[in-house]
Amino acid sequence: MNINIGIDEQDRQDIAHGLSKLLADTYTLYLKTHNFHWNVTGPMFQTLHLMFETQYTELALAVDLVAERIRSLGVNAPGTYKQFAALSSIKEEDEIPQAKDMIRLLVEGQESVVRTARSLYPVVEKANDEATADLLTQRIQLHEKTAWMLRSLLE
Ligand SMILES: [Fe+2]
């Protein structure tokens, strides 16, 4: 059945493509954070193990919101590691980093997601897609706050 929500086909495709990048970034950061939860060592173990758990749990819930917004726009959501690797701006580590490097890498990851989300505003505003704008604002707020909390551990 045709979609008739007041956003034309091209704009829905463009917004969904941007959201797919946001989904890939969020999923990649989710996996990185869970990986670090499992493998962190050192005197900050307890703090970081628990902090990373809070963060990956939030990210695991967030990917669902982003994917379902893409579906609401009438487009298929990416859902494979291959698609995520092609779409994500966050690179993966081959080795297990030291605890402090984990924190720094997660700050960079959180900031990457913020930049990806922010880059969508022009097309979203052009299409008057307030629902997506609202989702982006919520995600940016959360990622900026988490980046601040992680950054504070390094100061
Ligand atoms: Fe755990």
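Start with α4 and α6: their axes come within 9 Å and cross at roughly 160°. That makes α4 roughly antiparallel to α6, where antiparallel means an angle over 145 degrees, under 35 is roughly parallel, 65 to 115 is roughly perpendicular and the rest is oblique. The axes here are lines fitted to C-alpha atoms, for helices over the stretch in contact, and angles run from 0 to 180 degrees between N-to-C directions. Helices are DSSP runs of H or I, at least four residues, strands are runs of E, at least two, and numbering goes from the N terminus.

Before going on, a caution: this is a predicted model, so local features need pLDDT of at least 70, side-chain atom pairs count only at pLDDT 80 or more, and totals for chains, interfaces and linings use all residues. Residues are numbered from 1 along each chain as its sequence is written, and side-chain values use heavy atoms, with hydrogens and water left out.

Back to the pair. The crossing of α4 and α6 is left-handed, meaning that the near helix is turned anticlockwise from the far one by less than a right angle; clockwise would be right-handed. Who makes the contact, with contact meaning heavy atoms within 4.5 Å? From α4, the residues are I103, L106, V107, Q110, E111, V113, V114, A117 and R118. From α6, they are L136, I140, H143, E144, T146, A147, L150 and R151. By class, this contact of α4 with α6 has 10 nonpolar, three polar and four charged residues. The classes are these: Ala, Val, Leu, Ile, Met, Phe, Trp, Tyr, Cys and Pro are nonpolar, Asp, Glu, Lys and Arg are charged, and the others, Gly among them, are polar.

Is S112 buried or exposed? Buried, at 10% relative accessibility. The cut-offs are under 20% relative accessible area for buried, over 50% for exposed and partly exposed in between, with a 1.4 Å probe and protein chains only. Leaving out residues up to four places away in sequence, S112 touches D25, S89 and I90.

Next, the other partner of α6. Helix α2, residues 45-72, and helix α6, residues 130-152, have axes that come within 12 Å and cross at roughly 165°. So α2 is roughly antiparallel to α6. This crossing of α2 and α6 is left-handed. On the α2 side, the contact uses M51, F52, Q55, E58, L59, A62, L65, V66 and R69. On the α6 side, it uses A131, T132, L135, R139, L142, H143, T146, M149 and L150. The contact of α2 with α6 counts 11 nonpolar, four polar and three charged residues.

Now α1, residues 9-39. Helix α1 packs on α2 at an angle of about 160°, with the axes 8 Å apart. That makes α1 roughly antiparallel to α2. α1 passes α2 in a left-handed crossing. The contact of α1 with α2 has 17 nonpolar, seven polar and two charged residues.

On to the stretch around α5. P122 sits in helix α5, residues 121-126. P122 counts as exposed, at 56% relative accessibility. P122 and E93 are 29 residues apart in sequence and 32 Å apart in space, C-alpha to C-alpha.

Then comes N128, in the loop between α5 and α6. Most residues other than glycine have a negative phi. N128 has a positive one, near 55°. N128 is exposed, at 61% relative accessibility.

E130 is found in helix α6. E130 is exposed too, at 58% relative accessibility. E130 and L87 are 43 residues apart in sequence and 24 Å apart in space, C-alpha to C-alpha.

Last, the whole chain. How many helices and strands does the protein chain have? Six helices and zero strands. The radius of gyration is 16 Å, close to the 15 Å that the globule rule gives for 155 residues, so the chain is as compact as a globular protein of that length. That radius is taken over C-alpha atoms, and the rule is 2.2 Å times the number of residues to the power 0.38. Along the principal axes, the C-alpha atoms fill a box of roughly 55 × 30 × 20 Å. Of the 155 residues, 45% count as buried. Among contacts with a separation of 6 or more, 79% join residues 24 or more positions apart.

Conventions. Contact = heavy atoms within 4.5 Å.
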